[in-house]
Amino acid sequence: MIRRQPVSATADHAEERTNPAARLGFQPGQVVQEIGYDDDVDQELREAIEGVIESDLVDEDYDDVADAVVLWFRDDDGDLTDALVDAGTYIEEGGAILLLTPKTGRPGYVEPSDISEAATTAGLTAAKGVSVGKDWSGSRLATPKAAKSRR
């Protein structure tokens, strides 16, 4: 008997092409704020997120709390810890920040160790990084449960 094992890279890439936002945890009806938008962002990912949440992303001028934040960040955008702390002020308790950074070899690449250090300093916990497109990697960051209960 021959057992065929699925090749995870192929499955992941197929899922990326169909809807990369689905596995990032976005839900219909969520308010998702986008920070750091520029000409280099992944338009397909933006559209996929909007498709899942069934509305447009709100911009940096949105003056209410959001369920999640999409933060596009490049190495030359300033201090990542400050950006994460600021992004955290825009989300509901228990919300998440999807930090999107350019992949290795792309302009603005951010070292994973810098992401980990900034997330820890900002009081966030990071899940495993994921590929979210051709040029961008994502890290889903959340407030630790202990910190959530203190708010």
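The legends below accompany several close-up views of a predicted model of one protein chain.

**Figure 1. The whole chain, for orientation.** Let us start with the overall layout before moving in. The protein chain holds five helices and six strands, and read from the N terminus these elements follow the order α-β-α-β-α-β-α-β-β-β-α. Of its 151 residues, 39% count as buried. Among contacts between residues at least 6 apart in sequence, 73% join residues at least 24 apart.

**Figure 2. Confidence along the chain.** The mean pLDDT of the protein chain is 84, and 83% of the residues reach 70 or more. Among the elements, strand E1 has the highest mean pLDDT, 97, while helix H5 (residues 145–150) has the lowest, 44. Over residues 3–17 the pLDDT is below 50, and this stretch makes six contacts in the model beyond near neighbours in sequence. Residues 146–151 also have a pLDDT below 50, with seven contacts beyond near neighbours in sequence. Where pLDDT is low, the predicted coordinates should not be read in detail.

**Figure 3. Strand E1, covered on both faces.** In a regular strand the side chains alternate between the two faces of the sheet. Which residues of E1 lie on each side? Val 32 and Glu 34 are on one side, Gln 33 and Ile 35 are on the other, and all of them are buried. E1 and E2 run parallel and are joined by four bridges. Across this pairing, Ile 35 stands opposite Leu 71 of E2. Together with helix H2 (residues 43–53), the strands E1 and E2 form a left-handed β-α-β unit.

Figure 4. Gln 33 counts as buried because its relative accessibility is 0%. A polar atom of the Gln 33 side chain lies 2.9 Å from the backbone oxygen of Asp 59. Apart from residues up to four places away in sequence, Gln 33 touches several others, among them Val 58, Tyr 62, Ala 68 and Tyr 90.

Glu 34, also in strand E1, is buried with a relative accessible area of 7%. What does the side chain of Glu 34 meet in a polar contact? Its partner is the side chain of Trp 72, at 2.9 Å. Leaving aside neighbours within four places in sequence, the contacts of Glu 34 include Arg 46, Leu 57, Asp 59 and Val 70.

Figure 5. Follow the chain from H2 towards E2 and you will find Glu 54 in the loop between them. Glu 54 has a positive phi of about 65 degrees, although it is not a glycine. Is Glu 54 buried or exposed? With 62% relative accessibility, Glu 54 counts as exposed.

**Figure 6. Helix H3 and its buried side.** In H3 (residues 80–88), the buried residues are Leu 80, Thr 81, Ala 83, Leu 84 and Ala 87. These residues lie on the same side of H3 because they cover an arc of only 160 degrees around the axis. An α-helix has 3.6 residues a turn, so residues three or four places apart point the same way. The cover over the buried residues of H3 includes strands E1 (32–35), E2 (66–72), E3 (91–102) and E6 (136–142), as well as helix H4 (112–121). At the start of H3, a side-chain oxygen of Asp 79 comes within 3.3 Å of the backbone nitrogen of Thr 81.

**Figure 7. Leu 84 and its surroundings.** Leu 84, in helix H3, is buried with a relative accessible area of 1%. Which residues does Leu 84 touch, not counting residues up to four places away in sequence? They are Leu 71, Ile 97, Leu 99, Ala 118, Ala 119, Ala 122, Leu 124 and Leu 141. Leu 84 and Leu 99 are 15 residues apart in sequence, and their C-alpha atoms are 8.4 Å apart in space.

**Figure 8. The two faces of helix H4.** Ile 115, Ala 118 and Ala 119 are buried in H4. Why do they share a side of H4? They cover an arc of only 100 degrees around the axis, which puts them on the same side. H3, E3 and E6 are included in what covers them. The face of H4 turned away from the buried side carries the exposed residues Glu 117, Thr 120 and Thr 121. Just after H4, Gly 123 adopts a positive phi of about 80 degrees.

How values were computed: Residues are numbered from 1 along each chain as its sequence is written. Side-chain values use heavy atoms; hydrogens and water are left out. Buried means under 20% relative accessible area, exposed over 50%, partly exposed in between (1.4 Å probe, protein chains only). The arc is that of the directions from the helix axis to the C-beta atoms. Contact means heavy atoms within 4.5 Å. A polar contact is a pair of N or O atoms within 3.5 Å; within protein, one must be able to donate a hydrogen and the other to accept it, and residues adjacent in sequence count only if both atoms are side-chain atoms. Two strands pair if DSSP finds at least two bridges between them. A crossover is right-handed if, with the strands pointing away from the viewer, the path from the first strand over the helix to the second runs clockwise. pLDDT is the predictor's confidence in each residue, from 0 to 100.
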